[in-house]
Amino acid sequence: MSSNTFASALNYCSTITTMALTSSSSLPLPLHQQFTSPKYSKHPSITLSLSEKSSDSVTSLSKSPTRTIPGDYGLPIIGPWKDRQDYFYNQGKNEFFKSRIDKYKSTVFRTNMPPGPFISSNSKVIALLDGKSFPILFDVSKVEKKDVFTGTYTPSTSLTGRYRVLSYLDPSEPNHEKLKKLMFRLLTSRSDHIIPEFQKEYTEFAKTLDREMMEDGRVELNALNDQFSFNFLAKSLLGVEPSDTELGMDAPILIGKWVLFQLHPVLTLGLPRVLDDIVLRTFQLPSFLVKKDYQRLYDFFYRNSTDSFNSEAEKLGVSREEASHNLLFAICFNTFGGMKIFFPNMLKWIAKAGVELHSHLSSEIRSQVKSSGGKITMTAMDKMPLVKSVVYEALRIDPPVSSQYGRAKQDLIIESHHATFHVKKGEMLYGYQPFATKDPEIFDRPEEFVADRFVGKEGERLLKHVLWSNGPESESPTLENKQCAGKDFVVFVSRLFVIEFFLRYDTLEVDVGTSPLGAKITITSLKRA
């Protein structure tokens, strides 16, 4: 595969992953404690719809009848191939699921999920496409999470140093607790560096943004965001400036190529249809093609992991090599991948919402920062309910983690809003999160971006239906579950992104394009404060 092909895919893709440091127990540290919900003040409702109309609500049944799970898998090879064509090319993801909901009159049904043959030996799943059935995927007493991180196939461990990294482990496996605790300790030990390093990197980010706007009148945000995100993570979590090492400024490109080799079976790169399908979904791409790239990343993390991190690994009985491979995966795949996708997506929704929202955000942010002596503090951030709500709403309407998988550990009964279904032990369950988090029986105007949706006590009650972190936003990660231990970290830095932006700028306009995953954002207008 040529370097041009790689370059075309470098918007890469962190699709089916826990977005952030997939690490440990709930966060008993200052960074976590500041996330307790304040008493919100009300703001005028500010909405945006990018769809032609909202989904219609359906009256819930008081008693759910038992149904046989509808749908079928078709003939071997042919059925999975046909569903794959619909999913990627004939219909696209949303229509693929919507058309089957309409056909079966059910949000729970049987289907095949990509990639199918010959990469996946079994593509059969039971799809869960509503907010009531979806959460069973988080219950590790009922579903197994072993090797389902990427779905119905598993990338070669040669892409992760021959180790099964944390994301692929079920909580019942002994190494899960050790590795999750290790990543959690990293986050704890570096929590004091988050705000200052974010501010330093954002200052450089803004300087580049201003310069390019002045020179060209427009800025392509994604590449700029990629470099900012990796630099921030390296400096805040490792205490090192990448440009001062042999890695230089190459990390975003190296990560993109490496992740492409893991996720190519579930991507489309915009190549001619036949070529796209054959190249990406016939066989797994050989890992030796990115061996040198991965080695450069590994050397960076091995050499620059902190003494406290290495000491903790030793205490837990984890070799430095395995710890370094997991550190690389957690920061490059999970955290960097999440920031790469979510920051542009979030800014897209904010920009499209218009000047009224921008004015409310600017006023809230600047008044609270002024009240705290011109500094961004956790206390000041807790008094910005609209900022917090905007971040949650972006995570709800456009979750960076779109898919979840789990294999039934036992015979189960699954309940949707309208029926109950029997699932047999060993069957694969699949949830497409955008349908669960835009469930019209849970959310009013589910297809609209409602900026203040999560403001106030009623809004806070809805947080249990925000599911991006591999668990409800109202719950905390533990060593025994698969919820992202960095979920508070992700929300925190996302809020910082919004705050830093509106301290500098009054409003913006963007053009929205497409990429293999997430939005391709071009800033076309930017008004400084």
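Predicted model: local features only at pLDDT ≥ 70, side-chain atom pairs only at ≥ 80, totals over all residues.
Reader: Which residue does aspartate 277 pair with?
Author: Aspartate 277 forms a salt bridge with arginine 84, and their closest N and O atoms are 3.0 Å apart. Aspartate 277 belongs to helix α9 (residues 273-281) and arginine 84 to helix α3 (residues 78-90), so the pair ties together parts that are 193 residues apart in sequence. Helices here are DSSP runs of H or I with at least four residues, numbered from the N terminus.

Reader: Is aspartate 277 buried or exposed?
Author: Aspartate 277 counts as buried, at 8% relative accessibility, and arginine 84 is buried too, at 5%; buried means under 20% relative accessible area, exposed over 50%, and partly exposed in between, with a 1.4 Å probe and protein chains only.

Reader: What about glutamate 458, what does it meet?
Author: The side chain of glutamate 458 meets that of arginine 461 in a salt bridge, at 2.2 Å from N to O. The two are three residues apart in helix α17 (residues 456-461), which means that about one helical turn separates them, and glutamate 458 is exposed, with a relative accessible area of 57%.

Reader: Switching topic, which residues are linked in a network?
Author: Salt bridges link Glu197, Lys200, Glu201, Lys235 and Glu241 in a network.

Reader: And where does arginine 190 lie?
Author: Arginine 190 is in the loop between α5 (174-189) and α6 (194-216). Arginine 190 is buried yet has no salt bridge, and the nearest side chain of opposite charge, glutamate 197, is 5.8 Å away; Lys and Arg count as positive and Asp and Glu as negative, with His and the chain ends not counted.

Reader: Then what does the side chain of arginine 190 reach?
Author: The side chain of arginine 190 reaches the backbone oxygen of serine 236 at 2.8 Å. Leaving aside neighbours within four places in sequence, arginine 190 is in contact (heavy atoms within 4.5 Å) with residues including Leu237, Gly239 and Thr306.

How values were computed. Residues numbered from 1 in each chain as written. Heavy atoms only, no water. Salt bridge = Lys/Arg side-chain N within 4 Å of Asp/Glu carboxyl O. Polar contact = N/O pair within 3.5 Å; in protein donor to acceptor, adjacent residues only side chain to side chain.
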